[in-house]
Amino acid sequence: MSRLADRAVAAFGTALLPPEHGGPAPAQFVERVGRYVEQLPATQRLAVRAGVLSLAAASYLTTGRSLPRLNPADRARVLGRVAAVGPDMGAAVEGLKAIVLLANGADAYADELLARAQGHDPARPDAALTVTSSTDSPSVVTTDAVIVGSGAGGAMAARTLAQAGVGVVVLEEGRRWTVEEFRTTHPIDRYAGLYRGAGATIALGRPSVVLPMGRAVGGTTVVNSGTCFRPPDAVQRRWRDEFGLDLADPDRLARHLDEVERTLQVAPVPLDIMGRNGNLLLEAATALGWRAAPIPRNAPGCGGCCQCAIGCPRNAKFGVHLNALPQACAAGARIVSRARVERVLHEHGRARGVRARRPDGTAIDVLADTIVVAAGAIETPMLLWRSGLGGHPRLGRNLALHPATMLAGRFDDDVYAWRGVLQSAAVHEFHESDGVLIEATATPPGMGSMVFPGYGAELLGWLDRAPRVATFGAMVADQGVGSVRSVRGQALVRYDIARADIAKLRVAMEAIGRLLFEAGAAEVLTGLPGATAVTSLPELREAVRRSDPASLHLAAFHPTGTAAAGADPQICPVDPSGRLRGVDGVWVADASILPSCAEVNPQVSIMALALAVADNIAGAHR
């Protein structure tokens with residue numbers, strides 16, 4: 001960053017985490033934040049710089065003095081006053097707080113994270129993959145089928161087609177990571193390198209929603225929680241009956257779901273590695289008489305190091321880079337990494353291949369008559385628009401995010417939420433009735449500290465008490481009200497949560513609070529302005545009732561629906577077999593074809609539907 005921006009970051013650091021009360025020295029804070037910010041895309045990098053400079057200016061205008069010249073209590077009060085100016089300013093301050101706490105926390109706990117990463121031998125070695133970096137690939141490649149994206153959908157399509165004797169090339173924008181890198185690379189570099197946009201993608205709206213998406217060989221399966229729920233029967237029937245997606249018929253989809261679970265080796269989280277965070281959830285649910293159980297995951301050999309979100313350092317989490325992709329390669333598929341697909345090549349209504357770009361901007365043309373787009377719910381519409389294939393009026397619409405909120409409880413004894421499985425146990429009591437799925441979920445140590453309220457000494461106090469904090473989250477089954485648009489070639493994601501879904505979030509927050517208090521929490525952190533910490537259930541209910549939806553802290557990890565598959569050509573850009581309407585030879589097999597929110601973590605749903613689409617493609621090649 002520039003010297004001026006560095007000084008502004010240092011000033012922000014002295015207000016947020018004052019060194020007088022044990023916070024990092026300004027130079028160390030600047031180094032920690034700069035390490036992450038320099039890996040952000042240019043737009044986000046400029047926004048961070050502008051944000052800290054604006055805060056520095058606001059401080060001077062408010063007090064006539066720069067932040068470092070104020071005493072620690074006054075610095076914290078200045079941040080509080082700026083954040084209270086209005087919802088937009090409050091969101092901006094909280095956004096900057098989240099970024100710098102992520103960077104600072106990852107570095108502060110780096111030694112512990114790396115020690116735990118290296119504490120046990122890998123559960124399995126890296127898989128044998130036929131991967132060529134785009135820099136080493138010929139500029140023209142000819143094959144039968146090209147698959148755009150190597151994540152959950154793309155990997156299953158690649159395996160099915162390769163095993164059917166179809167020549168397959170998989171193009172992946174990210175690179176291949178090794179287990180040794182997960183064991184030795186600094187946590188913030190893993191986070192920045194494994195996520196699109198260094199993990200700083202935002203769906204704009206009221207409230208804005210953080211939207212992390214993986215970018216690596218193996219896609220988001222490399223960085224997700226490993227949670228593997230089947231889509232509920234009611235969801236499968238809705239997709240079949242309301243959208244005419246016969247692939248989702250429960251009797252027909254069942255064999256694909258079975259195959260996905262076999263491929264991923266899905267099994268419930270063992271209680272002995274779950275950790276206290278998950279056990280507290282199960283104990284509280286039992287006391288309340290609520291339905292709950294360990295979460296099914298694809299993690300044979302998991303040791304509970306809580307690093308799923310930044311690449312498993314034991315290769316225990318069984319993402320598709322360890323099963324479906326090596327099986328595809330064994331059958332002849334080839335993967336080209338670090339290749340961003342620019343557009344689908346087509347003429348006279350027929351697919352002819354794709355053009356991709358190497359990091360240096362030079363082109364690779366992969367010529368094929370079959371194209372499988374599996375770039376995800378955000379990037380798939382973008383690719384189709386760039387290709388001149390985005391004429392359907394509903395492409396990019398119908399975006400569901402499965403938004404999530406989190407509450408934390410402070411206990412009188414140690415919890416160490418990060419010593420165990422990142423996502424370990426679930427409460428199903430409100431799932432069918434309210435569309436609310438509650439999960440015990442933690443983050444790698446230090447990287448989830450944005451849950452803590454306040455600034456200055458108050459915030460540092462909470463960071464010191466982090467070992468005694470349990471964290472439970474909830475996701476709500478949302479309506480497809482979001483959208484993706486292309487603005488100057490960049491994806492603009494817009495999501496204004498529906499009023500009915502806000503009601504679900506309120507149900508979720510109250511239910512999580514009940515669980516935390518039942519588990520023995522002395523107080524609960526809500527994240528709500530004016531009542532960040534409550535000590536009773538009535539107090540929580542009142543805070544939730546008074547909450548402004550724009551003030552909610554939301555994240556989302558499951559974007560779906562932007563190229564919905566179904567029978568009605570007016571509302572579904574993709575037909576019931578998985579073909580993109582309007583062109584021959586282009587298929588879609590990723591989260592974008594799910595017609596509505598899957599209501600559970602969607603990895604298994606995506607993979608099963610991709611298998612069904614791939615069967616149709618293989619049939620067309622016979």
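Student: Why is Val366 called buried?

Tutor: Buried means under 20% relative accessible area, exposed means over 50%, and partly exposed is in between (1.4 Å probe, protein chains only). Val366 has a relative accessible area of 1%. That is under 20%, so Val366 is buried.

Student: What kind of model is this, and how are things counted?

Tutor: This is a predicted model: local features need pLDDT of at least 70, side-chain atom pairs count only at pLDDT 80 or more, and totals for chains, interfaces and linings use all residues. Residues are numbered from 1 along each chain as its sequence is written, and side-chain values use heavy atoms, with hydrogens and water left out.

Student: Where is Val366 found?

Tutor: In strand β13, residues 363-367. Helices (H or I, at least four residues) and strands (E, at least two) are DSSP runs, numbered from the N terminus.

Student: Which residues does Val366 touch, not counting residues up to four places away in sequence?

Tutor: Contact means heavy atoms within 4.5 Å. By that rule Val366 touches Val141, Thr143, Val146, Val169, Leu171, Arg352, Gly353 and Val354. Val366 and Ala145 are 221 residues apart in sequence, but their C-alpha atoms are 9.0 Å apart in space.

Student: Why does Arg159 count as buried?

Tutor: Use the cut-off again. Arg159 has 6% relative accessibility, so it counts as buried. Arg159 sits in helix α7, residues 152-163.

Student: What makes the contact between the side chains of Arg159 and Glu259 polar?

Tutor: A polar contact is a pair of N or O atoms within 3.5 Å; within protein, one must be able to donate a hydrogen and the other to accept it, and residues adjacent in sequence count only if both atoms are side-chain atoms. The side chains of Arg159 and Glu259 make such a contact at 2.9 Å. Leaving aside neighbours within four places in sequence, the contacts of Arg159 also include Thr263, Gln327 and Leu611.

Student: What makes helix α15 mostly covered?

Tutor: Nine of the 11 residues in α15 (376-386) are buried. Among them are Ile378, Met382 and Leu384. The cover includes strands β3 (145-148), β11 (340-347) and β14 (370-373). After α15 comes Gly388, with a positive phi near 75 degrees.

Student: How do you know that strands β15 and β18 pair?

Tutor: Two strands pair if DSSP finds at least two bridges between them. Seven bridges join β15 (residues 404-410) to β18. Leu407 stands opposite Phe472 in β18.

Student: How many bridges link β17 and β18?

Tutor: Five, also in the antiparallel sense, with β17 covering residues 436-441. Glu439 has Gly473 in β18 as its bridge partner.

Student: Which residues of β18 point each way, and are they buried or exposed?

Tutor: Val469, Thr471, Gly473 and Met475 point one way. Ala470, Phe472, Ala474 and Val476 point the other way, and all are buried.

Student: Which residues touch the most other members of the largest nonpolar core?

Tutor: A nonpolar core is a set of buried Ala, Val, Leu, Ile, Met, Phe, Trp, Tyr and Cys residues joined through side-chain atoms within 4.5 Å. The largest has 130 residues, and those touching the most other members are Leu16, Tyr36, Ile438, Phe472, Leu515 and Leu516. Helix α18 (residues 499-519) gives the most to this core, with 10 residues. Another core, of 81 residues, lies apart from it, and includes Ile364 and Cys572.

Student: What makes the phi of Arg338 worth a look?

Tutor: Most residues other than glycine have a negative phi, and most peptide bonds are trans. Arg338 is not a glycine, yet its phi is positive, about 55 degrees. Arg338 lies in the loop between β10 (334-337) and β11.

Student: Why is Arg338 called partly exposed?

Tutor: Its relative accessible area is 38%. That falls between 20% and 50%, so Arg338 is partly exposed.

Student: Why does Glu599 count as buried?

Tutor: Glu599 has 16% relative accessibility, which is under 20%, so it counts as buried. Glu599 is not a glycine either, and has a positive phi of about 70 degrees.

Student: What is the peptide bond from Arg206 to Pro207?

Tutor: That bond is cis, with omega near 0 degrees. Pro207 lies in the loop between β5 (202-203) and β6 (209-210).
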